[in-house]
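Work through the exercises below with the sequence and the model in view. Try each task before reading its solution.

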Amino acid sequence: MQVHKNLKNMKNKKTLNREIGDRLNRFIEHLGVTVAKFCRNADLQRGTVDKVRDGLHGPRVETLEAITKGYPELNLRWLVTGEGEMFQNQREKGRDWSTRQ
C-alpha cells in the first residue's frame, strides 16, 4: 500500500511540474520575449529554465526568487498553483514587454 501511495505522489508531482512549466511557457509567450531574454532578465541559467518549462522538475525557491526579481509583475501564486491571474496588476497584462531591457 505504501508503494502505491508513493507512486501516486510521484505522478501528482510530475503533473504539477508539467502544469507549472506550461504556465511559465504561457508567461514567456505573453511577454513576447525569447527564452534567452527571459533568462537574462531573471538572471537564470537557460538549462534551469528549460527544465522547468519542460516539466522535468519544479522551480526551486531560488528560481522563483530570481523570476520575481526579473518580473515583479508576475503573480507567483498563479505560476505555482494556477490560481488567480497571470499578472499582479491586470493593467500590466496589455503592456508591451518585448521592449524591456
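**Exercise 1.** Find how many aromatic pairs the whole structure holds, and classify the pair of Phe27 and Phe38.

*Solution.* A search of the whole structure finds four aromatic pairs, where rings of Phe, Tyr and Trp (its six-membered ring) pair if their centres lie within 6.5 Å, and planes under 30 degrees apart count as stacked, over 60 as edge-to-face and the rest as tilted. The ring centres of Phe27 and Phe38 are 6.4 Å apart and the planes stand at 80°, so this pair is edge-to-face. Phe27 belongs to helix H1 (residues 2-31) and Phe38 to helix H2 (residues 35-42), eleven residues apart; helices here are DSSP runs of H or I with at least four residues, numbered from the N terminus.

The model is predicted, with local features needing pLDDT of at least 70 and side-chain atom pairs pLDDT 80 or more, while totals for chains, interfaces and linings use all residues. Residues are numbered from 1 along each chain as its sequence is written, and side-chain values use heavy atoms, leaving out hydrogens and water.

**Exercise 2.** Describe the pair of Phe27 and Tyr71, and decide whether each residue is buried or exposed.

*Solution.* Phe27 and Tyr71 also form an edge-to-face pair, at 5.6 Å centre to centre and 90° between the planes. Because Phe27 lies in helix H1 and Tyr71 in the loop between helix H4 (61-70) and helix H5 (76-81), the pair ties together parts that are 44 residues apart in sequence. Phe27, at 0% relative accessibility, counts as buried (under 20% relative accessible area, with exposed over 50% and partly exposed in between, using a 1.4 Å probe and protein chains only). Tyr71 is buried as well, at 1%.

Note on methods. Helices (H or I, at least four residues) and strands (E, at least two) are DSSP runs, numbered from the N terminus.
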